[in-house]
Structures are given as C-alpha cells and as structure tokens.
Amino acid sequence: IASYVMPYIPNGATIQLGIGGLANAIGYRLENHRNIKVFTEMLTESMIELYEKRVVKEKMIACFALGNRRLYEFCNNNDMVELWQLPDLCNPVEIGKRDNFISVNTCLMVDFVGQVASEQIGSRIVSCTGGASDTVRGARMSKGGRSFICVASTYTTKDGEVRSNIVSTLPPYTPVSVQRTDVDAIVTEFGIAELYCRSNEERVAALINIAHPDFREGLKEEARKLNMLR
C-alpha cells in the first residue's frame, strides 16, 4: 500500500501520517526525499529517522506522540518538536495554509460510494473519530495537497472466514468517519481508486478494481442488483 502512495509525495511536502504500521512504512520510505515538513496529528517513530537523516530540517508540529521509548525520549525537551492543541492543528483552514499537504490515514471499511468507516463496524467500536475528516478537508484546501485513505482489501473473522473491506453498504449502526464527498483517494494493496468529483458509477467501478480479486465478481453482481453499475 505504501508503494502506491509514495509517488504522490513530492520533495518539500508537508506530511500527516495516521496511526498504525502503514504510517511508519510510508515515513521510512521518505528517507531519500528532501525538505519534508511535518504537521501531523500524531508523531511517529519514522519521523525520528527522517530528522536524523536530515530529510526533515524544520520544527515538527503534532498533537501527540505514540510509539516506543526512543520516540518519547526524542520528544522530551526537544525544541524540534512542538505540540499543539488538537482543535488548533486539526483545523482544515490551518492545514490548507500549507502547500503540498499530504494526508495519509487508515480505515476499517469503505462502501461503494466511498463512505469511510474508521472507528466502528456495526456496534463494535475499534477506535475513535480522530482527525481524518479534518485532514482530508485540509488537504483539499492546500495548494497541491492530496489525501489518501488506506485499507487492507480483506479481513478475517474469528471463525477464519475472509471477507472484503470494500462493501456495497456499511453494516447497520456503522458511523461514517469521512463522508464520500470529501474523500480524495482510497488505497488498497491492489492500487488506488481516485474518487474525488466522480459519479457513483465511476466510484463503484474504481473501488471494485482495487478490491481483492476473489471478491470482485461478487461485488460487481451486487452493484448491478443495486443499479449502481451497468
């Protein structure tokens, strides 16, 4: 997934990386970039590496840090790290002031029209709302900005059944974390679906194209029954 996002991050970009292993995977791959800036809800372990390799030369701005002891020791009394209040940093207008703002977040599930579930599936709570919606909107306001929401194409139930994370409709009681009209691009291990300003039929086709191959025909059949795909 990280390899699909990398070509869209230019030298001089300002990055926002969400929680999880994917964030660090992208961060570590930026080691050959130049003049990367950090304006992120969460400071990650990979950002230490970018600082030590002089990829990041300016003060890193975040709301909090989450990682190993080395990360916390790096942040302690370090003038290169500045922590802001969450409402101030996760503000689309503030984010939009930064050119080439690249936001990368993860989610749990995406439906046919691009509605993103990041915090809960049905009544099962996994995480909190977070700042994904704010950073997605802020990236749209940024000159040259892009936002990517990443999701594994499948998940495995407790019974060992493999299911698709690209679905026709989100399960009942699932809150929408990022609304479809804000979504820029969805990324799985099978590619990128560009959704911004696309029709519903274009969205369905693009999302099925990045679903796991084992589920694509079934998803197409569902879409046809819903009159969402010709």
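Predicted model: local features only at pLDDT ≥ 70, side-chain atom pairs only at ≥ 80, totals over all residues.

User: Which helices hold the residues of the salt bridge between Arg70 and Glu49?

Analyst: The side chains of these two residues, Arg70 and Glu49, meet with N and O atoms 3.1 Å apart. The pair links distant parts of the chain, for its members are 21 residues apart. Arg70 belongs to the helix of residues 69-75 and Glu49 to the helix of residues 46-52, which are helix H4 and helix H3.

User: How far apart in sequence are the parts that Glu52 and Arg70 tie together?

Analyst: Glu52 also meets Arg70 in a salt bridge, with an N to O distance of 2.8 Å. Because Glu52 lies in helix H3 while Arg70 lies in helix H4, the pair joins parts of the chain whose separation in sequence is 18 residues.

User: Is Glu52 buried, partly exposed or exposed?

Analyst: A residue counts as buried under 20% relative accessible area and as exposed over 50%, with partly exposed in between. Arg70, at 37%, is partly exposed, and Glu49, at 22%, is partly exposed as well. Glu52 has a relative accessibility of 47%, so it falls in the class called partly exposed.

User: How far apart in sequence are the parts that Arg146 and Asp184 tie together?

Analyst: Arg146 forms a salt bridge with Asp184, and the closest N and O atoms are 2.7 Å apart. Arg146 sits in strand S10, whereas Asp184 sits in the loop between strand S13 and strand S14, so the pair ties together parts whose distance along the sequence is 38 residues.

User: Are Arg146 and Asp184 buried or exposed, and which residues are linked with them in a network of salt bridges?

Analyst: Each residue is judged by its relative accessible area, and a value under 20% is what is asked of a buried one. By that rule Arg146 is buried, and Asp184 is buried too. The network that links this pair by salt bridges also takes in Arg140 and Glu194.

User: What do the buried residues of helix H7 pack against?

Analyst: Helix H7 covers residues 132-141, and its buried residues are Ala132, Ser133, Thr135, Val136, Gly138 and Ala139. The elements that these buried residues pack against are strand S1, helix H6, strand S5 and strand S10.

User: Which residues of helix H8 are buried?

Analyst: Helix H8 spans residues 200-209, and the cover over its buried residues includes strand S6, strand S13, strand S14, strand S15 and helix H9. The residues of helix H8 that are buried are Arg203, Val204, Ala206, Leu207 and Ile208.

User: Which residues is Met228 in contact with, leaving aside its neighbours within four places in sequence?

Analyst: Met228 is placed in the segment after helix H9. Its C-alpha atom is 37 Å from that of Arg98, a residue 130 places away in sequence. Once the neighbours within four places are left aside, the contacts of Met228 are Phe112, Val113, Glu201, Val204 and Ala223.

User: What is the phi of Asn227?

Analyst: Most residues other than glycine have a negative phi. Cys197, in the loop between strand S15 and helix H8, instead has a positive phi near 60 degrees. Asn227 is found in the segment after helix H9 and is exposed at 73% relative accessibility. Although Asn227 is not a glycine, its phi is positive, at about 55 degrees.

User: What radius of gyration does the protein chain have, and why does it agree with a compact globule?

Analyst: The C-alpha atoms fill a box of roughly 60 × 40 × 30 Å along the principal axes, and 49% of the 230 residues count as buried. A compact globule with 230 residues would have a radius of gyration near 17 Å, and the protein chain agrees with this because its own value is 18 Å.

Methods: Residues numbered from 1 in each chain as written. Heavy atoms only, no water. Rg over C-alpha atoms; globule rule 2.2 N^0.38 Å. Buried < 20%, exposed > 50% of the residue type's maximum accessible area, 1.4 Å probe, protein only. Salt bridge = Lys/Arg side-chain N within 4 Å of Asp/Glu carboxyl O. Helix = DSSP H or I, 4+ residues; strand = E, 2+ residues; numbered from the N terminus. Contact = heavy atoms within 4.5 Å.
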